[in-house]
Amino acid sequence: MSAQKKRNFKIEAFKHRVELDPNYAERTWRVLEHAIHEIYNHNASGLSFEELYRNAYNMVLHKYGEKLYTGLVNTMTGHLKEIARSIESAQGGFFLEELNVKWGDHNKALQMIRDILMYMDRTFVHSSHKTPVHELGLNLWRDNIIHSSKIQSRLLDMLLDLIHRERTGEVINRGLMRNITKMLMDLGSSVYQEDFEKPFLEVSASFYSVESQQLIECCDCGEYLRKAERRLSEEIERVSHYLDVKSEVKITSVVEGEMIANHMQRLVHMENSGLVSMLVDDKYEDLSRMYNLFRRVPDGLSTIKDVMTSHLRDTGKQLVSDPEKLKDPVDFVQNLLDEKDKYDKIITKAFNNDKTFQNALNSSFEYFINLNNRSPEFISLYVDDKLRKGLKGVSEEDVEVVLDKVMMLFRYLQEKDVFEKYYKQHLAKRLLAGKSVSDDTERSMIVKLKTECGYQFTSKLEGMFTDMKTSVDTMQGFYTSQYSEIGDGPTLAVQVLTTGSWPTQPSAPCNLPAEILVICEKFRTYYLGTRTGRRLTWQTNMGTADIKATFGKGQRHELNVSTYQMCILMLFNSVDRLTYGEIEQATEIPPSDLKRCLQSLACVKGKNVLRKEPMSKDIAEDDAFYFNDKFTSKFIKVKIGTVAAQKESEPEKQETRQRVEEDRKPQIEAAIVRIMKSRRVLDHNTIVTEVTSQLQSRFLPNPVVIKKRIESLIEREFLERDKVDRKLYRYLA
């Protein structure tokens, strides 16, 4: 099949020239002009929009776009001038209503005109870079109506007056306000901003400046903040009802500046109602309001934080230095915990758990807790009190909660090693006297300390528990092997303590009663016979005893006493009267301990199994003691504690402090050697900084002590001074 030859078609213009009626453009424009007049006069129902559109289309097509566009501008301008006169003549409140009605009419007319001139909009306007019809209509409205000399200022005054009336409690027509402000927005952001928003913000600033000054003179802080918060909410609501959404940031900034930022210092320091008063009285609602308002302005939260920190430090300083509060260590720590709970609650409920305030709280507590060098001892005594048996109505869970709170205080301590020293002493007493709430709780506390400070901190504490368990097994072995030899004599329960783990102090052994010595020797023989390389030293100052006593009229009681007290009471099996000197000579108990034991046995009401002459609270060296056969008690078992101060005496405190200082020396030296070994050469100040950084989790080393330890290491040839620069140290391998 052969391919057909392709034919090219061509469309040509008419050969003859089409002559246009010379009056065509004028006649067509008159038709369109009449239509525009009818539209503005609300007579559009009789118009044929199809015919009008075709006329406008033909005018543009025949190059009369310019005439059409110019005619439109002139016609619309004429109508708008008439509308302006109508609006100007409106009286009072009808002014805005008339403006609103005319604006609605203009918009409808503009829509119809734009539909008729759609072709011109798409072609002529676009190609000649003129303003589109709709935008042209808005611009003409702006120039002839809004910027009319008789309308512009009147419109602004009426809008601002309505807003002022609404602020002072009157109800206004918000729908009308919304239509008018929307009109300004539709005319362009610059019209809304220049003709309304800027003056509105200036008048608002003036209004709130006056109001805030009046309120701050007559209101307390809480009431002022409530009114400021209400004003802020009102302005935000006002924006949502009839202002541009972008105005919210600007008007709230004005309110914040005039009502909050300009009066911050006066508000927080207001007497009897300011921030300090709110903190003292736990006014969570007021504090939360202050936080939420102040966070809106620059330096607002830092102002609250600074005042809170200052108050907290002053309060804490009084708390840790008040002699009355230092009398009872448990109350002292409880007051600190109550203060911490109080501010934790404030930060959670009122300050949105803000990290800035949590950090301020932590730094304040760290500051004032370390002002009192007895804080480590007191915190340990507090833990001791909570971990002892006999706390009424306190479950293990409650104790656990308390321990978690105590750990927060522990973290603030700079001298954690001092706490460790005291904690070891108190734990030893609890374990040896069997006074713990439970082993689980004790171990839980050690785990918390281990998590906080590492294994080295708790290794000796864990060793104490190991010794207690081993001692139980040892005693079982002893009684199994000695069962036939012991008979009906006294029974012995020995705790064998590893010297390095326990806070034992060398003490002169007292003279034990003969019947006790026998079984003690049997235990020594058994223990040393089953183990090699061990040495036993009796710590009689740490033991307890249960003895049976018979008083007048055959009354029998079981007395729980210390080993020292047992030695004293056993002397009265053979005599009825002994002087202080005779007891001291027979027992060889150290005088300070002996006096405390005799006080417990003779001077405590309900526990006075001995009688003293002359009767007094203190023990003198010429006192005489008698067995009190008239002693009575409603209890079969009577516990007689040793009279002792809960806190350390001054000499004991000095001794503990001295031991702590001695223990620190090798730690400081080890840190210096570690640092120098890795760095080889360092100047003095850098060593001090690095040693402090390494050891601050346990204690804050004194730079003077660091210098002495460096000198000691130089003497022992671990380090040497640089021969040129004497401030440089070199490590000697």
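Modeller: Start with Glu-690, which is partly exposed because its relative accessible area is 26%. Buried means under 20% relative accessible area, exposed over 50%, and partly exposed in between (1.4 Å probe, protein chains only). This is a predicted model: local features need pLDDT of at least 70, side-chain atom pairs count only at pLDDT 80 or more, and totals for chains, interfaces and linings use all residues. Residues are numbered from 1 along each chain as its sequence is written, and side-chain values use heavy atoms, with hydrogens and water left out.

Biologist: Which side chain meets Glu-690 in a salt bridge?

Modeller: A salt bridge is a side-chain nitrogen of Lys or Arg within 4 Å of a carboxyl oxygen of Asp or Glu. Here the N to O distance is 2.4 Å. The partner sits in helix α28 (residues 650-679), while Glu-690 sits in helix α29 (residues 684-695), eleven residues apart. Helices are DSSP runs (H or I, at least four residues), numbered from the N terminus. The partner is Arg-679.

Biologist: Is Glu-197 buried or exposed?

Modeller: Glu-197 meets Lys-250 in a salt bridge, 2.8 Å from N to O. The two are 53 residues apart, with Lys-250 in helix α12 (residues 247-260) and Glu-197 in helix α10. Lys-250 has 33% relative accessibility, so Lys-250 counts as partly exposed. Glu-197 has 4%, so Glu-197 counts as buried.

Biologist: What does the side chain of Ser-375 reach?

Modeller: Ser-375 lies in helix α19 (residues 375-387). Its relative accessibility is 1%, so Ser-375 counts as buried. A polar contact is a pair of N or O atoms within 3.5 Å; within protein, one must be able to donate a hydrogen and the other to accept it, and residues adjacent in sequence count only if both atoms are side-chain atoms. At 3.1 Å, the side chain of Ser-375 reaches the backbone oxygen of Asn-372.

Biologist: How much area is buried between domain 1 and domain 2?

Modeller: The domain assignment, automatic or from a database, gives domain 1 as 23-145 and domain 2 as 149-270, among others. Buried area is the accessible area (1.4 Å probe) that two parts lose on being put together, summed over both. Carbon and sulfur atoms give 74% of it here, and the total is about 1,500 Å².

Biologist: Which helix gives the most to the side of domain 1 that touches domain 2?

Modeller: Helices α3 (65-88), α4 (94-116) and α7 (133-146) each supply at least two residues. The top contributor gives six residues, and that helix is α4.
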